[in-house]
Amino acid sequence: MPNLNMDFTVNKNAVVCNMLNGEIQGRMKSRNNPALKQAYRERGIIDSTPAITQFILSHPKVFGNEKLIHRDGSNFFEGILPVYSNPVSASRRETLRSRMRYEYELTDSEVSGMEAFFDDFQTLADTPEIQKIVSDTEDYKNSIEEAWNASSSSIMRYISDVIGYEPEKTGKISTFIMYPTFDVHRCAQDKGGTNVFFARRKDNDIGKILAYLTHQVVHESMLPYKGSMTKQEKDYYHAFIKFLTDKDVYSQLSGKSYLDNVTREENPEIMGKVYPFWLGYRYRNADKEGLDPVELISAAIKRDRKYFEELPQDSKKRKLYSSYGFEKLDPKRIALLFREKRGITPYQFAKTDFDRRELVYQEKYIEIKKKPTMPGETEER
């Protein structure tokens with residue numbers, strides 16, 4: 001296997017930047033909802049520390065600038081988070097000035113007026129309150145790093161076994177761990193690699209965390225998009241990556257259903273279409289190991305269908321997975337999908353016609369297509 005070491009880092013400036021991002025989003029989203037505002041305050045998203053609250057009050061021109069802070073909660077801290085993650089402080093200030101001018105379209109006067117803001121930001125990052133938060137984030141980082149180091153080699157061997165070859169690893173993955181007040185999932189390209197910003201609020205399910213990190217390693221540095229891909233191929237390819245990592249790796253680690261781990265921005269229509277084809281791909285070589293692919297596919301469908309049927313009728317998760325159509329799937333047909341294409345690559349998989357339900361449905365659920373008729377002729381079935 002290629003070297004798959006992932007760098008885990010806690011950067012105090014990045015932690016503060018992310019907390020300010022959450023503070024602004026929380027305030028904007030709850031400004032007309034007192035109950036939500038109180039909930040955010042109790043969770044430490046709003047008024048997370050007295051030092052941060054005072055910092056916001058000390059710079060009304062910055063936090064009141066509509067070019068930087070939008071009413072929907074989006075704000076410039078999201079954009080400058082990668083800048084503040086750069087350990088080279090000598091170039092950071094000039095990069096920030098440039099971003100303010102060209103990305104946020106601030107005037108020279110407005111940029112000049114932010115110098116005190118930049119100075120106070122650094123002072124804020126060095127306060128005892130923030131130092132305590134950074135220390136807690138270090139503990140959080142250490143627990144994730146320990147789990148990754150213990151499991152990554154076996155996970156990556158498993159990935160190679162499923163796809164049938166060892167993809168070349170290009171670039172590096174640097175993971176910046178944030179303070180887990182709220183969920184953080186973000187990637188930013190950097191020279192020679194990818195920066196990942198990550199935290200999960202009060203979620204100690206290490207299986208989900210490892211599956212997410214596997215997704216980033218596999219998709220960003222081993223099986224990235226190809227420039228020749230159409231948008232539709234990218235959508236189907238991303239669904240493949242989700243099934244390979246977020247779903248299957250998680251299921252292998254936890255023994256739970258694919259459905260237990262809801263991925264970020266999961267597209268239910270696309271995932272539902274790809275699901276049976278993924279199972280055919282996943283178990284295409286099982287017979288070489290003396291296993292019955294039909295039985296394995298049947299067991300996977302049974303596992304996920306059971307999970308689905310136990311979900312509350314009006315739950316968001318049940319709605320998310322309602323397009324899977326577990327009861328219609330035919331394990332025997334699914335097992336035949338890639339029998340003659342055992343060496344199919346993930347990129348070739350993304351070119352599959354996933355609308356061909358007759359390849360994966362039981363006979364009774366396959367719609368009979370009527371031939372066009374001419375006047376005076378009867379329809380053939």
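Tyr165 counts as partly exposed, because its relative accessibility is 30% (buried means under 20% relative accessible area, exposed over 50%, and partly exposed in between, with a 1.4 Å probe and protein chains only). The model is a predicted one, in which local features need a pLDDT of at least 70 and side-chain atom pairs count only at pLDDT 80 or more, while totals for chains, interfaces and linings use all residues. Residues are numbered from 1 along each chain as its sequence is written, and side-chain values use heavy atoms, with hydrogens and water left out.

Back to Tyr165: this residue sits in the loop between α9 (128–163) and β2 (172–177); helices (H or I, at least four residues) and strands (E, at least two) are DSSP runs, numbered from the N terminus. Setting aside neighbours within four places in sequence, Tyr165 touches Ser160, Leu223, Thr345 and Pro346, where contact means heavy atoms within 4.5 Å. Tyr165 and Gly343 are 178 residues apart in sequence, yet their C-alpha atoms are 9.0 Å apart in space.

Another loop residue, Asp330, is found between α14 (316–320) and α15 (331–336). Asp330 counts as buried because its relative accessibility is 16%.

Now for the rings. Rings of Phe, Tyr and Trp (its six-membered ring) pair if their centres lie within 6.5 Å; planes under 30 degrees apart count as stacked, over 60 as edge-to-face and the rest as tilted. The count comes to 35 aromatic pairs. One of them is Phe240 with Tyr281, edge-to-face because the planes are at 85 degrees, with the centres 5.1 Å apart. Phe240 belongs to helix α11 (residues 231–254) and Tyr281 to helix α12 (residues 268–282), so this pair ties together parts that are 41 residues apart in sequence. Both residues, Phe240 and Tyr281, are buried. Phe338 and Phe349 make a tilted pair, because their planes are at 40 degrees, and their ring centres are 5.8 Å apart. Phe338 and Phe349 are buried too.

Tyr281 also has a charge over its ring: the charged end of Arg284, 3.9 Å from the ring centre. Such a charge is NZ of Lys or CZ of Arg within 6 Å of the ring centre and within 35 degrees of the ring normal. Likewise, the charged end of Arg303 sits over the ring of Tyr258, 4.4 Å from its centre.

As for confidence, the chain averages a pLDDT of 90, and 94% of the residues score at least 70; pLDDT is the predictor's confidence in each residue, from 0 to 100. Over residues 369–381 the pLDDT is below 50.
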